[in-house]
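Reader: I am new to this structure. Could you show me how to read it, one feature at a time?
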Amino acid sequence: MKAIVVTPGIAYSTRIIDIKRPEIRSNEVLVKTIRVGIDGTDSEICLGYYGAAPSGDNFLILGHEALGQVLEVGNNISKKSQSLKIDDLVVPLVRKPGDCYYCLNGAPDMCIGGKYKERGIKGLHGFMSEFFTEDPNYLIRIPKEIESVAVLLEPLSVVEKGIRQAWDIEKRIFWQPKIALVLGLGPVGFLASIVLNLLKLKVFVYSLEKESDPRVKIIKELGIEYISADTDIFKLSSIIKGNIDFIFEATGNSSVALKSMSLIGKNGVLCLTGVTGGNKKLTICADCLNLDLVLGNKIIFGTVNANKIDFEEGIKHMKIINQNNPSLLEKIISHRFTPNEFKQGLENFQGIKAVIEF
Ligand code: BGC
Ligand code: ZN
């Protein structure tokens with residue numbers, strides 16, 4: 001079968017190879033890959049900044065945002081009605097637990113031991129191959145009605161986790177969030193704005209795109225306000241006027257992340273999601289920032305990966321969004337490539353979201 005692989009640590013080593021189709025163990029299912037999304041993490045791995053091959057292999061099959069269909073079910077998988085069956089649509093989880101307290105208690109996304117593995121990223125092969133095998137505990141069954149957009153469920157799960165945790169944190173008060181600011185209009189920022197809009201917050205988006213960009217048009221049609229990054233970020237408070245209750249940072253730019261700390265409204269919360277390699281430095285007024293955070297009872301937290309419950313919440317939201325606005329989510333998938341065209345999606349990609357169709 002065809003597989004898109006990289007030698008981790010070596011820039012531009014991404015290539016397509018022919019390997020043996022995986023054989024299923026009795027507790028696994030064999031999945032035929034339908035499509036796999038590409039994100040910033042994949043590009044970072046291709047540039048050699050990030051990623052680790054499975055032990056014993058010198059290459060890593062890329063891809064962690066997948067949709068597939070069950071082709072074969074292992075002998076030990078029960079025939080009970082809840083079990084996965086041939087033809088079921090599935091989206092795989094990315095992270096596998098290590099051995100810390102959180103990993104052993106169903107929250108590998110909150111791992112503190114560092115021994116977690118991630119398919120297509122860290123120590124486990126990903127899904128950019130014609131077939132893959134997986135334990136059903138790490139597969140989410142997908143309703144047919146969201147098949148065309150389910151490849152976006154993994155990035156959506158990251159959004160869902162950030163929102164869930166912010167709302168959980170704010171249980172400290174009788175929080176009544178009204179205004180949300182999303183920073184960045186890549187797929188994660190895009191999905192965050194759609195979900196926050198669905199949750200009836202007044203949403204503002206700040207990003208690099210020009211006003212004429214198609215994605216700006218799409219969010220404006222939803223009643224979301226757009227402010228292009230031609231405007232100085234520190235002017236946002238005066239433009240937005242009201243108290244910014246929630247900020248979702250998804251630019252992948254650490255200086256934007258740091259500057260956004262001064263935009264949080266009173267009692268508000270800032271959720272940081274950008275995975276930034278590098279070692280960028282920035283000078284800030286430490287006293288001003290500290291004072292502002294303290295006097296305003298403000299919260300900042302980081303979030304990575306997602307829990308199974310966030311995938312489930314994502315499915316619920318996808319169904320509602322599809323009902324309200326049938327083509328909205330599909331518009332996020334701006335480019336579709338064949339496996340042989342992998343380079344176009346991974347190197348210097350300029351659209352919203354590229355997927356590889358298997
Ligand atoms: C993935 C997460 C993963 C993170 C860090 C992201 O692109 O969506 O699932 O935990 O990268 O490796
Ligand atoms: Zn752990």
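Author: Start with the naming of elements. Helices and strands are DSSP runs, numbered from the N terminus, with H or I for helices and E for strands. Keep in mind that this is a predicted model.

Reader: Where is Asn267 placed?
Author: Asn267 sits in a loop, with helix H7 (254-259) on one side and strand E16 (269-272) on the other.

Reader: Is Asn267 buried, partly exposed or exposed?
Author: Buried means under 20% relative accessible area, and exposed means over 50%. Asn267 has 29%, so it counts as partly exposed.

Reader: Where does Asn305 lie, and is it buried or exposed?
Author: Asn305 is in the loop between strand E17 (299-302) and H9. Its relative accessible area is 9%, so Asn305 is buried.

Reader: Which residues does Asn305 touch?
Author: Residues up to four places away in sequence are not counted. Asn305 then touches Val94, Arg95, Asp109, Glu118, Val158 and Lys161.

Reader: How do I read a helix such as H9 (residues 308-324)?
Author: Compare its reach with the expected span. The rule is 1.5 Å times one less than the number of residues. H9 has 17 residues and reaches 25 Å from its first C-alpha to its last, close to the expected 24 Å.

Reader: Which residues of H9 are buried, and what do they pack against?
Author: The buried ones are Asp310, Phe311, Gly314, Ile315, His317, Met318, Ile321 and Asn322. They pack against strands E6 (89-92) and E11 (139-142), and against helices H3 (153-169) and H4 (187-198).

Reader: How many residues are buried in H3 and in H4?
Author: In H3, 13 of the 17 residues are buried, leaving the helix mostly covered. In H4, 9 of 12 are buried, so the rest of the structure largely encloses it. Among the buried residues of H4 are Pro187, Phe190, Leu191 and Ile194.

Reader: Now take strand E11. Is Ile140 buried or exposed?
Author: Ile140 lies in strand E11. Its relative accessibility is 2%, so Ile140 counts as buried. Leaving aside neighbours within four places in sequence, its contacts include Leu89, Val90, Val91, Phe311 and Ile315.

Reader: How far is Ile140 from Asp287?
Author: They are 147 residues apart in sequence, and 46 Å apart in space, C-alpha to C-alpha.

Reader: Is Phe174 buried or exposed?
Author: Phe174 has a relative accessible area of 86%, so it is exposed. It is in the loop between H3 and strand E12 (179-183).

Reader: What coordinates the zinc ion (ligand 2)?
Author: Look for the donor atoms. The SG atoms of Cys100, Cys103 and Cys111 coordinate the zinc ion, at 2.2 to 2.4 Å. Along the chain, the donors follow the spacing C-x2-C-x7-C. Cys100 and Cys103 are both buried.

Reader: How is a pocket found, and what lines the second largest pocket?
Author: Rolling a probe the size of a water molecule over the atoms shows where empty space is left. The second largest pocket has a volume of about 580 Å³. Its lining has 25 residues, with Pro22, Arg25, Arg119, His125 and Thr133 nearest the centre. Strand E10 (residues 131-134) gives the largest share of that lining, 4 residues. By class, the lining has 10 nonpolar, 5 polar and 10 charged residues.

Methods:
Residues are numbered from 1 along each chain as its sequence is written. Chains are lettered from A and ligands numbered from 1 in the order in which they are written. This is a predicted model: local features need pLDDT of at least 70, side-chain atom pairs count only at pLDDT 80 or more; totals for chains, interfaces and linings use all residues. Side-chain values use heavy atoms; hydrogens and water are left out. On a 1 Å grid over the protein atoms alone, a cavity is a set of points where a 1.4 Å probe fits but cannot get out, and a pocket is an open set with protein on both sides within 12 Å along at least five of seven lines; lining residues have an atom within 4 Å of a point. Grid points are joined across faces, edges and corners, and a volume is the space filled by probe spheres set on the points. Helices (H or I, at least four residues) and strands (E, at least two) are DSSP runs, numbered from the N terminus. Ala, Val, Leu, Ile, Met, Phe, Trp, Tyr, Cys and Pro count as nonpolar, Asp, Glu, Lys and Arg as charged, and the others, Gly among them, as polar. Donors are N, O and S atoms within 2.8 Å of the metal (3.2 Å for Na, K and Ca); water is not among the atoms, so sites may look incomplete. Buried means under 20% relative accessible area, exposed over 50%, partly exposed in between (1.4 Å probe, protein chains only). Contact means heavy atoms within 4.5 Å.
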